[in-house]
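I opened this model to look up a few things and noted them in the order I checked them.

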Amino acid sequence: MPEPIDTPVLIVGGGPVGLSLALDLAWRGNRSTLIEREPGTGVELLAKANGLHERTMETCRRWGLVHKVMEVGFPRDHAGDSVYCTSLMGHFIGRSVIPSANLRPTPPESPEKRQRCPQYEFDPLLARAVQERALTDLRYGVAFRDLEQDDHGVTAIAREVATGREYPLRAGYLIACDGAGSRVRRSIDVPFDGRMLDFSLSAMIRIRDLAEHHPIRDGERYILIGPDGAGKTSTFQILGAIFLVMTMGWLFVSERRQGTLKRLQAAPVTRGQILARVYVPSMMPVLLETLRISMIFNFTGVMIAEMYASRTGIGHLISNWGENFQLPQLFAGVILLAVVAIAFNEAVRFLEHRYSAWRT
Ligand SMILES: Cc1cc2nc3c(=O)[nH]c(=O)nc-3n(C[C@H](O)[C@H](O)[C@H](O)COP(=O)(O)OP(=O)(O)OC[C@H]3O[C@@H](n4cnc5c(N)ncnc54)[C@H](O)[C@@H]3O)c2cc1C
């Protein structure tokens with residue numbers, strides 16, 4: 001291991017909190033080192049925070065950043081309304097009226113008013129301000145791995161993500177700004193209190209002149225309201241299984257219907273007897289086989305849908321437990337699912353084997 005790099009303050013994580021800390025230390029004339037595991041700031045375009053409240057704007061004012069925030073935010077004359085509808089071309093439900101940045105009054109308690117500034121603009125703006133003050137050793141592509149504390153400070157082990165090379169950093173203070181899943185927090189055994197409320201997916205799409213192509217105007221954000229996706233997903237999957245089983249059953253029966261019926265034409269039997277004695281028994285093994293195979297896909301499909309698109313269900317719970325590092329619950333959920341899936345598979349396989357003699 002090489003000799004440690006000395007720094008008065010080591011900041012782990014270059015999100016808004018880590019960058020603000022580095023900037024504030026620099027503004028007060030203090031040096032620091034910031035390690036960020038990503039190769040840069042805002043490399044990945046993510047839809048995250050979109051507004052800066054008065055208190056944050058007051059801090060930006062101290063750092064001399066207010067005009068830079070106003071330059072990168074949303075157009076200042078655009079209404080700030082939240083619009084509720086079924087889709088951009090669908091039914092309008094309601095609107096929370098919020099004035100544009102130009103018309104919004106500055107509250108009497110503060111010299112600054114709220115600003116719209118998406119995080120994908122704000123974080124790089126902070127990073128540039130940190131670099132301009134030139135008191136922070138900003139190390140991108142470097143991840144925190146572990147730490148040791150003693151009476152005089154902290155020694156952290158950092159890892160270069162691209163090469164895997166590890167080296168120590170020696171600091172008077174180490175400050176964890178590495179987000180909700182903080183590895184620093186976990187390395188000193190600080191538990192995560194509370195639970196994750198929701199799970200969100202971000203997708204950034206640019207559409208030129210979007211506002212001109214739909215009738216529901218003047219929204220800064222559109223909240224699309226529809227029936228809960230969870231029930232629909234499960235229903236779709238179950239219908240999918242039934243469809244597959246019916247199709248396979250029909251194909252199987254129609255393959256052998258002609259020959260069998262010709263042989264039965266001479267015999268004195270009713271249609272009901274043919275159904276009960278010929279169709280059902282000859283279909284049963286293939287129906288069970290199809291049910292078993294289709295349920296494997298449906299099981300996986302429902303779990304994935306619950307993890308990403310639902311607020312209920314075992315898939316949603318497993319996803320939450322994983323996010324919150326609730327390992328006993330996570331493992332219990334996964335094992336329970338595996339047991340149910342294996343039990344179902346084996347039960348149907350047993351029936352399949354039992355009725356295989358009917359496959360004639
Ligand atoms: C969809 C969405 C919408 C949101 N909307 C709002 C909003 O409107 N208003 C609002 O105030 N907030 C909002 N938030 C929350 C806001 O984005 C977060 O509160 C904020 O990003 C937290 O900042 P942070 O610096 O603490 O953590 P993060 O932004 O998570 O930054 C942590 C940084 O640490 C780095 N890191 C992690 N582990 C390591 C490691 N081992 N070594 C080195 N670096 C590491 C990560 O790469 C990351 O860059 C939203 C979040 C989401 C996801």
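I sorted the shell around the ligand by class and got nine nonpolar, 10 polar and six charged residues. The model is a predicted one. In total, 25 residues surround the ligand. I listed the closest as Gly-13, Gly-15, Val-17, Ala-49 and Gly-179. Next I looked up which elements give two or more residues to this shell, and found α1 (16-27), β2 (32-36) and β8 (142-149). The largest share, three residues, comes from α1.

I then turned to Arg-170. I found Arg-170 in strand β10, which covers residues 166-176. For Ile-5, I noted a separation from Arg-170 of 165 residues in sequence, but of 5.9 Å in space, C-alpha to C-alpha.

Asp-189 has a phi near 60°, a positive value in a residue other than glycine. I placed Asp-189 in the loop between α5 (183-187) and β11 (219-224). Asp-189 has 6 other C-beta atoms within 10 Å, so I put it down as exposed.

Asp-218 also has a positive phi, near 60°, and is not a glycine. I found Asp-218 in the loop between α5 and β11.

Notes. Residues are numbered from 1 along each chain as its sequence is written. This is a predicted model: local features need pLDDT of at least 70, side-chain atom pairs count only at pLDDT 80 or more; totals for chains, interfaces and linings use all residues. A residue is near a molecule or strand if its C-beta atom, placed from the backbone, lies within 6 Å of it. Helices (H or I, at least four residues) and strands (E, at least two) are DSSP runs, numbered from the N terminus. Ala, Val, Leu, Ile, Met, Phe, Trp, Tyr, Cys and Pro count as nonpolar, Asp, Glu, Lys and Arg as charged, and the others, Gly among them, as polar. A residue is buried if 20 or more other C-beta atoms lie within 10 Å of its own, exposed if 12 or fewer, and partly exposed in between; C-beta atoms are placed from the backbone.
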